[in-house]
Amino acid sequence: DVQPAGLQREINQLTAGVSLGRLGSLSGGYFDVRTGEDSRTRLLNVSYSRSLWKQLSMSLSANREIGGDWNALMQFTLPLQGHSGTLSSSLRHNAQGETSARVHYGRSAPLQGGWGWNLAHEYREAGSNYQQADVSWRGRPAEVRGGVYGSGDDDVYFADIRGSVVHMAGQWFAANNVRDSFV
């Protein structure tokens, strides 16, 4: 007797959140996920966020798998003036007792065209530190991206180009990536 392979899943969740006015916002949730393979994961999550000064914001979150230990994350985010990008830093403590600290500076390539970038460094208490650097350019005909990420010994170099060729009204056009289209 062969059972059909399926990805049957049952998800039950209970979430709530409350605005604390000038003091920020608080939210929490309970998630119970069961799969067809008799696997079950139950998670608790608590999050707090608050604007601190001008555009600077802080968020704290903690989650725990029932029967396990807590994971915690504290993050500060600062959007920079104009279109200069966003600067963020975070401190993470995982259930295995390991701590990591990350600094990230990034800017998405504007939809109307231009340059974008990501620079990040993560100090890891256990294991090798992580670095990331990539640059992207978005123009009318395509978006091009390339960079490197990894922990020194196993760095991954990548390059990516995305675009579309459109045939319309008897003519061919090069265009940036078209995710959805209709006729």
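**Exercise 1. Identify which residues are linked with Asp32 and Arg34 in a network of salt bridges, and describe the contact of Asp32 with Arg34.**

Solution. 
Step 1. The network of salt bridges links Asp32, Arg34 and Arg40. A salt bridge here is a side-chain nitrogen of Lys or Arg within 4 Å of a carboxyl oxygen of Asp or Glu. The model is predicted: local features need pLDDT of at least 70, side-chain atom pairs count only at pLDDT 80 or more, and totals for chains, interfaces and linings use all residues. Residues are numbered from 1 along each chain as its sequence is written, and side-chain values use heavy atoms, with hydrogens and water left out.

Step 2. Between Asp32 and Arg34, the N to O distance of the salt bridge is 3.8 Å.

Step 3. Asp32 has 6% relative accessibility and therefore counts as buried, whereas Arg34, at 35%, counts as partly exposed. The classes are: buried under 20% relative accessible area, exposed over 50%, partly exposed in between (1.4 Å probe, protein chains only).

**Exercise 2. State how many salt bridges the rule gives, then characterise the pairs Glu122 with Arg102 and Asp160 with Arg162.**

Solution. 
Step 1. The count comes to 7 salt bridges. In general, side chains of opposite charge can pair when their charged atoms come close.

Step 2. In the salt bridge of Glu122 with Arg102, the closest N and O atoms are 3.3 Å apart. Glu122 belongs to strand S8 (residues 114-124) and Arg102 to strand S7 (residues 99-107), so this pair ties together parts that are 20 residues apart in sequence. Strands are DSSP runs (E, at least two residues), numbered from the N terminus.

Step 3. Glu122 is buried, because its relative accessible area is 11%; Arg102, at 22%, is partly exposed.

Step 4. For Asp160 and Arg162, the closest N and O atoms of the salt bridge lie 2.8 Å apart. Asp160 has a relative accessible area of 29% and is partly exposed; Arg162 is also partly exposed, at 43%.

**Exercise 3. Determine how many aromatic pairs the whole structure holds, and classify each by the angle between its planes.**

Solution. 
Step 1. The search finds 2 aromatic pairs. Rings of Phe, Tyr and Trp (its six-membered ring) pair if their centres lie within 6.5 Å; planes under 30 degrees apart count as stacked, over 60 as edge-to-face and the rest as tilted.

Step 2. Tyr105 and Trp117 have ring centres 6.0 Å apart and planes at 50 degrees, so this pair is tilted. Tyr105 lies in strand S7 and Trp117 in strand S8, so the pair ties together parts that are 12 residues apart in sequence. Tyr105 is partly exposed at 25% relative accessibility, and Trp117 is partly exposed at 24%.

Step 3. Tyr149 and Phe158 also form a tilted pair, with 6.0 Å centre to centre and 50 degrees between the planes.

**Exercise 4. Work out how strand S11 pairs with S10 and with S12, and describe the turns.**

Solution. 
Step 1. Strand S10 (residues 142-150) and S11 run antiparallel and are joined by 8 bridges. Two strands pair if DSSP finds at least two bridges between them. Tyr149 stands opposite Val156 in S11.

Step 2. S10 and S11 form a hairpin with 5 residues between them, and Gly152 in the turn has a positive phi of about 100 degrees.

Step 3. Strand S11 (residues 156-168) and strand S12 (residues 171-175) run antiparallel, joined by 5 bridges. The bridge partner of Val165 in S12 is Ala174.

Step 4. The hairpin of S11 and S12 has 2 residues between the strands; in its turn, Ala169 has a positive phi of about 55 degrees.

How values were computed
Helices (H or I, at least four residues) and strands (E, at least two) are DSSP runs, numbered from the N terminus.
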